[in-house]
Amino acid sequence: MKSLAEPKKWERYFWPILVSALFLALWHYSVIWTATRIFPSPLDVERGMAELLRENVLWGDIADSLRRVAIGFGAAVVLGIPLGLTFGWYPPVNQVVNPTMQILRPISPIAWIPVSIIFFGVGDDAAIFLIFLGAFFPIVVACVDGVSNVPSVSRRAGRNFGLAPWQLLAKVVFPAALPQIIVGLRIALGIAWLVVVAAEMIAVESGLGYLIIDSRNSGKRYDLVVAAMLLIGLIGLTLDLGFRRLERIKSVRWGFRNES
Amino acid sequence: MSLMEPFVTPAAVDTKLRVEHVNIVFDRDGKSTPVLNDISLEVGDGEFVCLLGPSGCGKSTLLSTMAGFLSPTSGEIKIDGEAVRGPDPRRIFVFQERGVFPWLTVEGNIGFGLFKLPRAERERRIAYYVKMVGLEGFERTYPPELSGGMKQRLEVARALAVNPDMLFLDEPFGALDSITRLIMRGELLRIWEAERKTVIFVTHDIDEAVQLADRVVVMSARPATIQQIVNIDIPHPRDISSPRYLELRDGIFKQIGLAHKL
Amino acid sequence: MNLFVWLRPVAFIGVLLSVWQIAISRHTVHLLPTPVEVVGGIADLVQHGLLLKYVVASLFRVTWGYVLAVVLAVPLGLAIGWSRRAEMAFNPVIQILRPISPLAWIPIAILWFGVGDLAAVFLIFLGCFLPLLLTAINAVQSIPAVYIDVGRNFGLRRVDLVYRVLYPAVVPQLIVGLRITLGIAWLVVVAAEMIAVNSGLGFLIIDARNAGNRYDLVVAGMVLIGIIGLLLDLGIRSLERVKSFRWSYSED
């Protein structure tokens, strides 16, 4: 659109591969040139990852992280969507609750750790609670925005056909708000993934985040640290892409027609 | 039915723009869609020419190509004898009001192309064109606060301010209600008669074409060819109830194959 | 009229606080503090001169990390967004790095910068850089092509096109991105301080707990974090209201 010529089809693969290769090369050679003994080169990282896979420890950690995300995110969805829809549907309620949310929202879930340890102790539950916190607010906000952005035309059409309020909510407003809600869910999932890693670095003793801290503490295994980081990146990306697939399902796609 | 030869302009008027056997084919992911088929046309200096055709027939594509935003797949377009290679301030394209910059005031927009002029001259021109399009009092207003018709006038003012030789207008009144449209047509003719630019105007509205143009180029559906070029020989101001007007208009109706009764 | 708007939300907060106070006070020995105790904790901090010190420390780190990220990410993002090839080229690397929590970088940060301010600033920079980059790329790509065509039509050279069309067109979206990223920066600084440094509001939370279970200070810290975060957010929102930036909002 802005550049001078239409990129050819092969270019879609050429440029990313070129740049990624350059990155790896830069990384590799800076490790060599600075003669660092601690920071790993790409090859070290690859070997580290193979080692983790071999030792079967990795799968357990990945499963733990995903499990916590699933529960925490699930709880946030189950609680957040109905609340969010209610707040959006009744603006006066939203008006009352919103300032409280605006004060709670900037508090990083990590800052809740000491408090969550009081209630949940050190362990899984604390981490899940933190994930729940991280995902909850974006979901509620997305629902509120989604509902308030439903054009009044749609609501009027629903009433015209004689729908009761709860039917209106379920059959007209919710589907109409769904695209925006799904985007909110995707963002919340991304946040949940960030939080689980952070929570595992502090409050629990398994999972990918813990792997990072542990690899460093017990032996300065920075190759494993970076390997774990890349895995975190890849899994997070997969979750995100998976969700975007969801957005492409036809009955939801209409809301994204204008996006590329 | 394509025209075998370009319509020859009378010797007294210089040819401003010449389209020579232009073909445009769009290539998207391997599929080729021909859009324009062997278009040849001559437009004289100071003429008001309408490109008329159904929506999607390619007339906007032809206009964009004339203005230099697109390159023809084959054939050539020459303005003043020079081949067209890209957009140029001597020929300004007037988009529908969406081309107006929302971050600039009315003054800011009109003055947009005048960056090469000294300040005093710039201000003088801006004031002149604000008055010409009837936007006095709104100089410091931002576009989101203007109506559709006002934004359209703003775009025309911005285009005129740089004193171009040619104006290209792509269905500029399409987003306006029919009453405003009638008013804007009158305004456009008034401005054109004052400044006598060469104007090429794209529309799908037959009445609009017959009301405004010296010549109407009737185009077929995609892939577009020129079906007919109608010379509107009624002087301005045109009486839209006069027999000659109705005759010309009905002729085009028939050419396009439209029914007379609804 | 204006006061009444605030009445109900404030009353709601009051109700929550009362419930909280009553629920805790029923136990004579309690870890979780009551609201009254939290206020006492804040007063305590003020008395010891720590409040200002910690707040300034946190803000200082946020400012540095954030500004650095803005200065680097915005021009880079605009440039990448402008060229379709550049966007294609950098996208995979960006997409893989994006889901990695800045906190996952902590060991690396400590390795490179040691424990201290620099590590915290680095982490904040990391947390802000990619979101800003993506915002800038997105902003450029959503400029309606019409504006660029108009610019070219009037004979603008590349440089002028950037200053007079591209930049004004992306400003509203950039500002929204700046606001969101500032929120992210605030989240990261608190987390980073809990792990990697020895001052600041995040450190306060960890330290208060570790050195004596002073949960009143812990919650006081949380409340302060929430309030300052909210103030930062409101601050940038008022920037959004400056008229020459407002143009895209009046379209709604």
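Predicted model: local features only at pLDDT ≥ 70, side-chain atom pairs only at ≥ 80, totals over all residues.
Two residues are in contact if their C-beta atoms, placed from the backbone, lie within 7 Å. Residues are numbered from 1 along each chain as its sequence is written, while chains are lettered from A and ligands numbered from 1 in the order in which they are written.

## Chain A

Chain A has 11 helices and 0 strands. Helices here are DSSP runs of H or I with at least four residues, strands are runs of E with at least two, and both are numbered from the N terminus. Along the sequence the pattern reads α-α-α-α-α-α-α-α-α-α-α. Along the principal axes, the C-alpha atoms of chain A fill a box of roughly 75 × 60 × 30 Å.

Chain A has 260 residues, and 41% of them count as buried (20 or more other C-beta atoms within 10 Å of the residue's own, with C-beta atoms placed from the backbone). Among contacts in chain A with a separation of 6 or more, 72% join residues 24 or more positions apart.

## Chain B: the six-stranded sheet

One open sheet of chain B has 6 strands in the order β6-β7-β8-β3-β9-β10, with mixed pairing. Two strands pair if DSSP finds at least two bridges between them. β6 (91-94) and β10 (226-231) of chain B stand at the edges, each with a single partner strand, so one side of each has no neighbour in the sheet. Neighbouring strands are turned by 15° against each other on average, direction ignored.

Strands β7 (residues 166-170) and β8 (residues 198-203) of chain B run parallel and are joined by 5 bridges. B:L169 has B:F201 in β8(B) as its bridge partner. Helix α7 (residues 243-256) of chain B lies across β9 (215-219) and β10 of chain B, at about 175° to β10(B). Axes are lines fitted to C-alpha atoms, for helices over the stretch in contact, and angles run from 0 to 180 degrees between N-to-C directions.

## Chain B: the four-stranded sheet

Another open sheet of chain B has 4 strands, ordered β2-β1-β4-β5, with antiparallel pairing. Its edge strands are β2 (31-44) and β5 (82-83) of chain B, and each pairs on one side only.

Strand β1 (residues 15-28) of chain B runs antiparallel to β2(B), with 10 bridges between them. B:F26 is bridged to B:T33 in β2(B). Helix α1 (residues 59-67) of chain B lies across β1, β2 and β4 (74-79) of chain B, at about 120° to β1(B).

## Contacts between chains

Of the 2 pairs of chains that touch, chains A and C have the most contacts. That contact takes 49 residues from chain C and 49 residues from chain A. Elements giving two or more residues to the chain C side include α1 (2-25), α8 (158-196) and α10 (215-240) of chain C. The largest share of that side, 11 residues, comes from α4(C). By class, the side has 36 nonpolar, 8 polar and 5 charged residues. Nonpolar covers Ala, Val, Leu, Ile, Met, Phe, Trp, Tyr, Cys and Pro; charged covers Asp, Glu, Lys and Arg; the others, Gly among them, are polar.

No contact joins chain A and chain B, and their closest C-alpha atoms lie 8 Å apart.

Technical notes: Buried ≥ 20, exposed ≤ 12 C-beta atoms within 10 Å, placed from the backbone.
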